[in-house]
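Hi everyone, thanks for making time.

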Amino acid sequence: MKAMTFVLFGATGDLAKRKIFPALFNLYVDQKLPASYAIVGVGRRTYTVAEFLRSVEQSVSDAAQRREVDSSCIHAFLSTIRYVSVDVTQKDDYLALLGQVIQCEQEWNLPQNRLFYLSVAPEFFDVIAGHIKASGLCETTGWKRLIIEKPFGRDLQSAEALNEKLCASFAEEEIYRIDHYLGKPMVRNLEAIEFANPIFQAIWNNKYIANVQITANETVGVEDRAGYYDHAGALRDMVQNHMLQLLMMIAMHLPNRINAKEIRKEKRKVMEAVRPMETEDVMRSVVRGQYGAGNLQGHSVVSYRDEPGVEADSMTDTFVALRVWIDDPLWSGVPFYIRTGKRIKEKSTKIIIEFKNPLEGSYRNQQTAPNLLILNINPEEGISLQVNQKNAAERGKLEPVTVDFSTDASQAPEAYELLLSDAIQGDSTYFAHWMEVKLAWKWVTPILEAFAQNQVPLHVYPAGSYGPQESAELLMEQGFSWWQDEEREREMSGVHSR
Ligand code: NAD
């Protein structure tokens, strides 16, 4: 690992406090940072270095307690951190930043390897990248990299404009677009499950797989993000980025080699093969929902439109379900169902692969449940496989049972830790390549337009449910249903029949 200077724009913000500094601290404790490095925090506020370090100390205190490290370890970590107050819109302020970076490089004898992390509002992404270049911060004798937070544009046009501006200062291979779903250990594990297990490799195709269900449900509502969310909605906030990334990860073909370049190439091929939607397809294959009032975990909660900061007549989608077809020989005829929603009965991110069931009814005249491979991503992490077996106590009646391989999620590193460590090492495998982002925006454009023109009904679902009934009907059209929703659990407690 090469010595470097880590420049964090937005160092006084919420993300820096909650995620980035704790992640850097954990990497430090685990000796996963370079042997020598400096961190330069950049914020608008005029803090003294001592004041800033006090706030960093607070943000790493939980991690420090969990890791049971003593105060000398915290102070050693803090000793590598400096702070500069910069108004990111003012070009002259960047000279002070450049001065601080050079001073760190001289003080700690660091090569000019510079990693810039933009943890600021998206309207500043291009402004900062431009000023980094104009100020000379980009002119290094070592490497330079740019980590950029989400959202990457709000439609295809704005994403293209942003990318063009970033590319004026950084090359594509220097840009690390964060999609924190790609930092989740189980999402990174998908590649190993598919490609390191010959038994799964052999059946990872339309001959054996009936359908794939990708779910990312939350119990929380809009919280305090209405200002952003009411103009974004679930399609922009979740589907264009995270859900399509999960789709690419689960549907990609075996790469020639397991490395960043080849994995990203295969992911891109998936997005290129996803069947485009015309307006009529959107009406047939997309369900739009918004939560109404309801009861969740014993508490009554208000409707989306009654949330603070939300327009009283808002048509924003807080739930989307989609049926997606991938037109390539491996997946032809296999529906991929995607859904994501807020104020859903239970928090769950998972992928369920339902295998074809040619035995149905033909095994000793008994119904058999399909085999399911369940990949739990959040909050639990692990893999389950549903298989059929005889229940000896019930005169050999067939019953589906699940074989569980759970991992202790509390021991796994946080997404931001893994992503930061990758970027520091120059590994871009789990960052979104521009082509993935562009193809994803292109694919959702007709859906965004159909939503904007209200061509798709907005179904109100009660908070605390599994979303609108129309989402279940979307699967029923092919004779399927969402696995593991409450009703399914009940159904599964007896012999499954469909
Ligand atoms: P925030 O509003 O809490 O922090 C913004 C930071 O930008 C602050 O450090 C502030 O000082 C700085 N800033 C604002 N205007 C400035 C200016 N003119 N000059 C210099 N600095 C300025 O925002 P956040 O929640 O930390 O989010 C940062 C980024 O991360 C955003 O792009 C957001 O979309 C993304 N993100 C945040 C979260 C989260 O949980 N907070 C999750 C995912 C993505």
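Let's start at the ligand: 19 residues surround it, and the closest are T12, D14, L15, R18 and V120. A residue gets into that shell if one of its heavy atoms lies within 4 Å of the molecule.

Before I go on, some housekeeping. This is a predicted model, where local features need pLDDT of at least 70 and side-chain atom pairs count only at pLDDT 80 or more, while totals for chains, interfaces and linings use all residues. Residues are numbered from 1 along each chain as its sequence is written, and side-chain values use heavy atoms, with hydrogens and water left out.

Back to the ligand, then. What does D14 do there? A polar atom of the D14 side chain sits 2.7 Å from a ligand nitrogen. On its own, the ligand has 820 Å² of accessible area, and the protein covers 74% of that. Those areas come from the Shrake-Rupley method with a 1.4 Å probe, and for residues only the protein chains shown count as cover.

Who makes up the shell? By class, it has nine nonpolar, four polar and six charged residues. Here Ala, Val, Leu, Ile, Met, Phe, Trp, Tyr, Cys and Pro are nonpolar, Asp, Glu, Lys and Arg are charged, and the others, Gly among them, are polar. Helix 1, residues 14–29, gives the largest share, three residues. When I say helix or strand, I mean DSSP runs numbered from the N terminus: H or I with at least four residues for helices, E with at least two for strands.

Q31 is in the loop between helix 1 and strand 2, and its phi is positive, about 55°, although it is not a glycine. Is Q31 buried or exposed? It counts as exposed, because its relative accessibility is 70%. The cut-offs are under 20% relative accessible area for buried, over 50% for exposed, and partly exposed in between, with a 1.4 Å probe and protein chains only.

Strand 2, residues 37–43, runs parallel to strand 3, and five bridges join them. Within that pair, V42 stands opposite V84 of strand 3. Strand 3 itself, residues 81–85, is mostly covered, with four of its five residues buried.

Nine strands form an open sheet in the order 16-15-14-13-7-12-11-8-17, with mixed pairing. Why is one side of strand 16 and of strand 17 left without a neighbour? Strand 16 (397–407) and strand 17 (458–462) stand at the edges, and each has a single partner strand, so one side of each has no neighbour in the sheet. Two strands pair here if DSSP finds at least two bridges between them. From one strand to the next, the twist averages 20°.

Inside that sheet, strand 13 (residues 348–355) and strand 14 (residues 372–378) run antiparallel, joined by six bridges. One of the pairs is E354 with L372 in strand 14. Follow the chain on and you reach P379, in the loop between strand 14 and strand 15 (381–391). The N378 to P379 peptide bond is cis, with omega near -5°. There's also a cis peptide bond between K150 and P151, with omega about 0°, and P151 is in the loop between strand 5 (144–148) and helix 6 (156–167).

R395 lies in the loop between strand 15 and strand 16. Its phi is positive, near 55°, and again this is a residue other than glycine. R395 is exposed, at 83% relative accessible area.

Last stop: S465, in the loop between strand 17 and helix 15 (469–476). S465 is buried, at 16% relative accessible area. A polar atom of its side chain lies 3.2 Å from the backbone nitrogen of G467.

Methods: Polar contact = N/O pair within 3.5 Å; in protein donor to acceptor, adjacent residues only side chain to side chain. Axes fitted to C-alpha atoms, helices over the stretch in contact; angles between N-to-C directions.
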